[in-house]
Amino acid sequence: SFKFWAGHHVDRGAKLVGTQHGGHYGTGLWSSTEKHEIQIYNKFYTWGWKSETYKNTKLLAAVKLNKAKRVVPKNDGRILLVLNANPRYSYHMYSTVVSSSGMLSYINDQYQFVRKLSKENQKPLLVYPYHEDYKWSQIERWNSEFPEIECSRNGKSILDQINESRLFIGTYNATTYIETFVANFPTIMFWNPDHWELNPSAQPYFDELRKVGILHDTPESAAAMVNEISLDPAFWWNQPKVQRAKNQFCFKFARTSDNWLYEWNETLNSL
């Protein structure tokens, strides 16, 4: 009903503005929904990036990310592996794993990551399945493959789970790792670059994450990094070069502000 109401007024001259609601915007090589959203708005507010094609993109502090700032790593917490899931058939045209073959490849990468972890790091591991199962039987698969490793949502939100952990493992290009970046929470990411193709304008920022050991292209490399830093992830994470790469990324793709309400108010009133 809201969309009909909004369309009714836009047809009569009202301005239509919008903002990105999660990650992948501005970083993925292609996204049909991102392109569509930008094109239909008079102004499209991003989390820090600007489109090279469309002049109506403007940066504005990401309201959604402010709640992530309260997350703090727990020194003796768990290692949290957060999963993604997509439907078995192509449903949404953007840079991601496509159809059942892509999803099975993704699942096998997660298994390989766990196999390469040391026994000491497998013990505190918590596998957090995606909120929508899409009939993949995520928990049953993991219980069959690794019966000694917990795979559960525990009825807790992702931020609550992160708050009880010492290290976050991101496995796809979306919102969760952006939230841990904003919280300055120790983070390691890995994904197949052929599945999650990147926008050339974003590539340099991800390259910097690779250089400092945050982003990895293979599960084996990511697991080796976890094995290296797991006893004190915060020590590694707070090194100047790691912080610099993370902060550069946040400035471009995860801009936040303590004065977000005032800035949004001023921006919308100026229209």
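**Close-up views of a predicted model**

**View 1. Strands E2 and E3 run parallel****.** Strand E2 spans residues 43–46. E2 and E3 pair through three bridges in this predicted model. Across the pairing, Phe 44 sits opposite Thr 57 of E3.

**View 2. Three strands form an open sheet****.** The strand order is E1-E2-E3, and the pairing is parallel. Strands E1 (17–19) and E3 (57–59) lie at the edges. Each edge strand pairs on one side only. From one strand to the next, the twist averages 30°. In general, strands of a sheet pair through backbone hydrogen bonds, in a parallel or antiparallel sense.

**View 3. Helix H2 has three named buried residues: Glu 34, Glu 37 and Ile 38****.** The helix covers residues 32–40. Viewed down the axis of H2, the buried residues fall within an arc of 95°, so they line one face of the helix. What covers these buried residues of H2? The cover includes strands E1, E2 and E3.

**View 4. Leu 81 and Phe 113 touch the most other members of the largest nonpolar core****.** This core holds 73 residues. Helix H3 (residues 99–116) gives the most to the core, with six residues.

**View 5. The contacts of Leu 81 include Phe 113****.** Residues up to four places away in sequence are not counted here. Among the other residues that Leu 81 touches are Gln 110 and Val 114. Leu 125, Leu 126, Val 127 and Tyr 128 also touch Leu 81. Further contacts of Leu 81 are Trp 142, Ile 169, Thr 171 and Phe 190.

Key. Residues numbered from 1 in each chain as written. Predicted model: local features only at pLDDT ≥ 70, side-chain atom pairs only at ≥ 80, totals over all residues. Heavy atoms only, no water. Pairing = 2+ DSSP bridges. Helix = DSSP H or I, 4+ residues; strand = E, 2+ residues; numbered from the N terminus. Axes fitted to C-alpha atoms, helices over the stretch in contact; angles between N-to-C directions. Buried < 20%, exposed > 50% of the residue type's maximum accessible area, 1.4 Å probe, protein only. Arc of directions from axis to C-beta. Contact = heavy atoms within 4.5 Å. Core = buried A, V, L, I, M, F, W, Y, C linked by side-chain atoms within 4.5 Å.
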